[in-house]
Every structure is written in C-alpha cells, then in structure tokens.
Amino acid sequence: MDTSKPAIFVNGGLLPMHVRKRVRTVIQVLGSDRGTVIGKSTDDHQLTVKGSPPSVPLTNFVEVIGIADSEKSIQAEIWTNFGDTFDTYSYNQLCQLANGEYQLLFL
C-alpha cells in the first residue's frame, strides 16, 4: 500500500471540507463530455470530475482519487471501475468514520 500520498475518504457532503486536498470518492456516472464526468455521490450530491477517464468504458460506479478543486468538483488522477452495483449506505458510513472520531485510523 502506497502511503506517500494519502487520500481522504469523502462523499459529496464532506467534499467542501477538503478543497485543495487529495480525496477519494465513489460516484455513480450520470454522463460525460470532453474530459468531464458528471456523477452522483453516494449521498446524492452532483459532482463534476475533471480529467481523462481510462480508455476502457466506465461502469455505473467509479472510484475517483484526485484533488478537490472546488466544493463540487475533483481533478482526477486515478479512476477505478467499481461495477454496476454498489452499497452506497456502507460507503457513507465509512466516510463518516474516516472524517469523525476514528479519523486517526485512516490514512
């Protein structure tokens, strides 16, 4: 595991707290246009992800790691397909733990 550049687990509601920081989130892909992907966060916020997605087609759910460049957008560095189904409730719980009293357990 590479710990040299940790990324904070966020959902749409937590993203504004981490602008200009390296973050990771999962979105449900709604559409794309010219290097920009529009997605719905696991807590139903609309997010814009900028950058070049991988050459393989994106699945319904995608993890994105990159720099939060505004309260609703991320400049992506890494894209990972997570398939067509995903447990959004559990991911939101993970985000709450990673940003709450147990944040020291997360990178």
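**Close-up views of ring pairs and salt bridges**

**View 1. Arg 22 and its salt bridge to Glu 77.** Arg 22 is buried, with a relative accessibility of 16%. In this predicted model, the Arg 22 side chain meets that of Glu 77 in a salt bridge, 2.9 Å from N to O. Follow the chain and you will find Arg 22 in strand β2 (residues 22–33) and Glu 77 in strand β6, 55 residues apart.

View 2. Glu 63 forms a salt bridge with Arg 24, with 2.9 Å between the closest N and O atoms. Because Glu 63 sits in strand β5 and Arg 24 in strand β2, this pair ties together parts that are 39 residues apart in sequence. Glu 63 is buried at 9% relative accessible area, while Arg 24 is partly exposed at 21%. Arg 24 also lies over the face of Phe 9, 5.3 Å from the ring centre.

**View 3. Phe 61 and Phe 86 form a tilted aromatic pair.** The structure holds five aromatic pairs. In this one, the centres are 5.7 Å apart and the planes make an angle of 35 degrees. Phe 61 belongs to strand β5 (residues 61–70), and Phe 86 to the loop between β6 (73–81) and α1 (88–98). Phe 61 is buried at 8% relative accessibility; Phe 86 is partly exposed at 27%.

**View 4. Asp 44 meets Lys 40.** One of the four salt bridges joins these side chains at 3.7 Å, N to O. Asp 44 is exposed at 57% relative accessibility, and Lys 40 is partly exposed at 30%.

Terms used: Residues are numbered from 1 along each chain as its sequence is written. This is a predicted model: local features need pLDDT of at least 70, side-chain atom pairs count only at pLDDT 80 or more; totals for chains, interfaces and linings use all residues. Side-chain values use heavy atoms; hydrogens and water are left out. Rings of Phe, Tyr and Trp (its six-membered ring) pair if their centres lie within 6.5 Å; planes under 30 degrees apart count as stacked, over 60 as edge-to-face and the rest as tilted. Helices (H or I, at least four residues) and strands (E, at least two) are DSSP runs, numbered from the N terminus. Buried means under 20% relative accessible area, exposed over 50%, partly exposed in between (1.4 Å probe, protein chains only). A charge sits over a ring if NZ of Lys or CZ of Arg is within 6 Å of the ring centre and within 35 degrees of the ring normal.
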